[in-house]
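Visitor: I'm new to this one and would like to be walked through it. Could we put it up on the screen and start with a detail?

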Amino acid sequence: MRARVLAVILTAVACLTAGCSSPGEEQEGAEEIMGAETAPPESPTGAAEGEEAGTEEADVAALEQLYRDYWKALIALENGEALDPGLFEGIATPGVTEEQVSRVQPMKDDGIRREGEPAVDDPVVELISDDSARIESCVDPENWTAVRNGENLPIQSAGKSPRVVLAERTSGTWLISEERPSEEAVLTC
């Protein structure tokens with residue numbers, strides 16, 4: 001009887017450390033048992049509902065949403081009365097946030113703000129690796145005007161043009177990590 005109890009205990013221990021399954025059954029969660037990284041937790045820039053985090057489809061959906069959120073933050077930054085770096089929290093790296101705030105600061109110092117918003121086409125996402133991506137879209141600033149003291153200011157616009165950003169996944173969250181010159185775009189508008 002003792003030998004049988006000992007055999008059951010040893011089998012249970014072996015199953016817990018090696019991961020047991022019935023013949024023909026896949027080992028769900030084997031990566032967790034083996035100590036591999038688990039999929040990042042869902043976040044505002046995580047997997048879309050109904051998609052498994054960590055899949056290519058989930059990453060693309062998360063990056064598309066991240067890009068839309070980035071443009072919402074840019075528009076709010078330029079349209080607002082005061083500079084608010086907090087708009088980029090969870091969307092962009094501190095370096096990108098600083099670049100955008102520094103870019104808009106002289107405009108705000110001159111009492112200029114934007115009204116309206118540009119037309120931003122759906123983004124095109126290219127996954128470069130598990131933790132980096134390139135995102136492009138066409139942006140038309142035609143309906144995004146500049147105003148000082150209630151008067152519209154003339155803006156030189158190149159019309160609809162491509163915009164390029166890079167994104168990195170850090171600590172399980174995608175963030176915009178760099179803006180690239182439009183000349184580097186693969187997309188044509």
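Visitor: Which residue in β5 does R113 stand opposite?

Guide: In this predicted model, R113 has V147 of β5 facing it. The two strands involved, β1 and β5 (residues 144-148), run antiparallel to each other and are joined over five bridges.

Visitor: And what holds paired strands together in general?

Guide: Strands of a sheet pair through backbone hydrogen bonds, and the pairing may be parallel or antiparallel.

Visitor: OK, what order do the strands of that open sheet come in?

Guide: The order is β1-β5-β6, three strands in an open sheet with antiparallel pairing. At its edges lie β1 (112-116) and β6 (151-153), each of which pairs on one side only. On average, neighbouring strands in this sheet are turned by 45 degrees against each other, if direction is ignored.

Visitor: Which helix packs on that sheet?

Guide: That is α3, covering residues 56-79, which touches both β1 and β5 and whose direction makes about 130 degrees with that of β1.

Visitor: Switching topic: which residues touch the most other members of the largest nonpolar core?

Guide: They are L63, Y70, W71, I135 and I176, in a core of 28 residues. Two or more residues each come from α3, α4 (94-109), β4 (132-140), β5, β7 (161-170) and β8 (173-180), and the largest share, ten residues, is given by α3.

Visitor: What does Y70 touch, leaving out residues up to four places away in sequence?

Guide: Counted that way, Y70 touches F88, I91, A92, V96, Q100, V165, I176 and E179.

Visitor: Zooming out, how many helices and strands are there in the protein chain?

Guide: The protein chain has four helices and eight strands, and along the sequence they follow the pattern α-α-α-α-β-β-β-β-β-β-β-β. Of its 189 residues, 33% count as buried.

Note on methods:
Residues are numbered from 1 along each chain as its sequence is written. This is a predicted model: local features need pLDDT of at least 70, side-chain atom pairs count only at pLDDT 80 or more; totals for chains, interfaces and linings use all residues. Side-chain values use heavy atoms; hydrogens and water are left out. Buried means under 20% relative accessible area, exposed over 50%, partly exposed in between (1.4 Å probe, protein chains only). Two strands pair if DSSP finds at least two bridges between them. Axes are lines fitted to C-alpha atoms, for helices over the stretch in contact, and angles run from 0 to 180 degrees between N-to-C directions. Contact means heavy atoms within 4.5 Å. A nonpolar core is a set of buried Ala, Val, Leu, Ile, Met, Phe, Trp, Tyr and Cys residues joined through side-chain atoms within 4.5 Å.
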